[in-house]
Amino acid sequence: MAKYAFFLGCIMPLRYPGIESASREVFKSLGVELVDMQGASCCPAPGVMRSFDQTYWMSVAARNLAIAEKMNVDGLLTICNGCFDTLFEVAHKLNHDPELRKKINKILKDATGMEYNGTVNVRHFVELLYRDVGVEAIRAKVKGGKNLKAAVHYGCHFLKPSNIKKIDDAERPHVFDDIVEAAGMTSVAYKDKGTCCGAGGGVRARTPDVALKMTAENLKNMTAAGVDVIVDCCPFCHLQYDVSQVQLKEYKIPVLHLSQLLGLAFGLEKEKLGLEVHQTKVNL
Amino acid sequence: MLIPFQQNPQIRRRRCVVSVSVLAEAKEPNPEFTRKVVDAGGKTVNLCFQCGTCTGSCPSGRQTAFRVRKVVRRAQLGFEEDVLPSEDLWLCTTCFTCYERCPRGVEIVDIIMALRNMAVRKGYMAEPHRKVAELISKTGHLVSLRDEDKALRTKLGLQGTPPTVFSDPKSLEEVKKIAALCGFDKLVASGGKQ
């Protein structure tokens, strides 16, 4: 059984804990063991926190990586594009720049006694599902769920920057769509699919009106394609689509994180998915 | 009726305005600042040949007057006073679309991050951002833990307080110590200025 350190981050455990319980159940049923990372912190967020001080950003990320490194697991698993980007990018930088690693490790050692040795395999859950679990194994688990038209939202930091992540084509990806289709839905094409939700880079915190305009344009394009549901793979995109629709008033498209969608398809109890905290009602 | 270009007073006036503004903006490049951008992580800044693919791809620029190409140009010329105080710098969502499409391989997001770090050190840190930074430097998370969150987590069969820094005071001390060693706590307390 594959065994992964489960990185929680901030938005999932604190605002959408249903994504966490769904993820735990879904991965258990697919034969992937998730182990808690005791004392992990915020990743920290790749847009907003990296903007302030990159040394601090890398040092806190290195602490999270070092915790996973001590755990005797196959790697670290994230269910969030932001956490994935920070932990993957920082690991990449530290693995390829010995001088930088020395500098960050000095801070890390002084603060925690730990060091990062460059051995953590950082995984995004969609990529792990596609490459390790496989589309067929997912299809075999599907017990129910409706064939709905899904707007698959990849977000930005799952695939990009693609020169280091090397998961899929950043302009025309298919891995996420394939999983959604295996779960019994139809992934529909819509205008400007692949565009940012609008929340990242500190834009939601600093200029929420600008973030909302970007989200509104995506929602308009999804609506024009006649979608029934938005499926995301990042709690921050999830929050942005969920909350923005209430602010904009004219849209009512349910938003599901892929873990919740798979939970529904695998026949988990709906109570385990925490859908009642969604601000845009989910009646599926 | 068509007026010949040279006799059209509006066009003549516009040409005049453009030439004056170009003169007014004519400044000496400052290679020292450009070097600082390179050292702070924007090592590809000089590769840009201003094609504008970045601006054409930018979802934020579609909604605002933010033009990524201009930010890169100002960094390239070392126009520190134009770029660091600019609100534009903060309209990038770090979506990496420009970074992916740049025909010159300019790592645009890395340049923006380098510039933002420099802007923060000059005191350009908006209050909502300062609050977010304060939250992580004090609690280790960007989102707070409320009683209702604990209740919902328990109802879902999860540990009420997540097994993160929230559950472990020693870990929180470690994260705070990192902030102190990087000078991040002081940076946040002073609203950016150091």
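## Exercise 1. The contact between the chains

In this model, 57 residues of chain A are in contact with 50 residues of chain B, two residues being in contact if their C-beta atoms, placed from the backbone, lie within 7 Å. The model is predicted: local features need pLDDT of at least 70, side-chain atom pairs count only at pLDDT 80 or more, and totals for chains, interfaces and linings use all residues. Residues are numbered from 1 along each chain as its sequence is written, while chains are lettered from A and ligands numbered from 1 in the order in which they are written.

Task: determine which elements give two or more residues to the side of chain A that touches chain B, and how the residues of that side divide by class.

Solution. 
1. The elements are helix H1 (11-15), helix H2 (17-29), helix H3 (48-52), helix H4 (54-69), helix H6 (98-112), helix H11 (203-206) and helix H12 (208-224) of chain A. Helices (H or I, at least four residues) and strands (E, at least two) are DSSP runs, numbered from the N terminus.
2. H4(A) gives the most to this side, with 6 residues.
3. The residues of the side divide into 27 nonpolar, 19 polar and 11 charged. Here Ala, Val, Leu, Ile, Met, Phe, Trp, Tyr, Cys and Pro count as nonpolar, Asp, Glu, Lys and Arg as charged, and the others, Gly among them, as polar.

## Exercise 2. The domains

Task: describe how domain 1 of chain A meets domain 2 of chain A, and state how far apart the C-alpha centres of the domains of chain B lie.

Solution. 
1. For chain A, the domain assignment gives domain 1 (2-124) and domain 2 (135-277); such bounds come from an automatic or database domain assignment.
2. The C-alpha centres of these two domains of chain A lie 23 Å apart.
3. In chain A, 27 residues of domain 1 are in contact with 31 residues of domain 2.
4. On the domain 1 side, the elements that give two or more residues are H1, H2, H3 and helix H5 (81-96) of chain A.
5. H2(A) supplies the largest share of that side, 9 residues.
6. By class, the side of domain 1 of chain A has 14 nonpolar, 10 polar and 3 charged residues.
7. In chain B, the assignment gives domain 1 (27-121) and domain 2 (127-189), with C-alpha centres 31 Å apart.

## Exercise 3. Helix H13 of chain A

Solution. 
1. A residue is buried if 20 or more other C-beta atoms lie within 10 Å of its own, exposed if 12 or fewer, and partly exposed in between, with C-beta atoms placed from the backbone.
2. Because 11 of the 14 residues are buried, H13(A) is largely enclosed by the rest of the structure.
3. Lys249(A) follows H13(A) and has a positive phi, near 70°.

## Exercise 4. A helix pair

Task: classify the crossing of helix H7 (residues 125-133) and helix H10 (residues 175-182) of chain A.

Solution. 
1. The axes come within 10 Å and cross at roughly 70°. Axes are lines fitted to C-alpha atoms, for helices over the stretch in contact, and angles run from 0 to 180 degrees between N-to-C directions.
2. H7(A) is therefore roughly perpendicular to H10(A), the class for angles of 65 to 115 degrees.
3. Val126(A), Glu127(A), Leu129(A) and Tyr130(A) in H7(A) meet Val175(A), Phe176(A), Asp178(A) and Ile179(A) in H10(A).
4. This contact has 6 nonpolar, no polar and 2 charged residues.

## Exercise 5. Two glycines

Task: is Gly201(A) buried or exposed, and is Gly105(B) buried or exposed?

Solution. 
1. Gly201(A) is found in the loop between strand E6 (186-187) and H11 of chain A.
2. With 28 other C-beta atoms within 10 Å, Gly201(A) is buried.
3. Beyond four places in sequence, Gly201(A) is in contact with Gly47(A), Val48(A), Cys92(B), Thr93(B) and Thr94(B).
4. Gly105(B) lies in the loop between helix H6 (97-101) and helix H7 (108-121) of chain B.
5. With 11 other C-beta atoms within 10 Å, Gly105(B) is exposed.
6. Not counting residues up to four places away in sequence, Gly105(B) touches Thr44(B) and Leu47(B).

Key:
Parallel < 35°, antiparallel > 145°, perpendicular 65-115°, else oblique.
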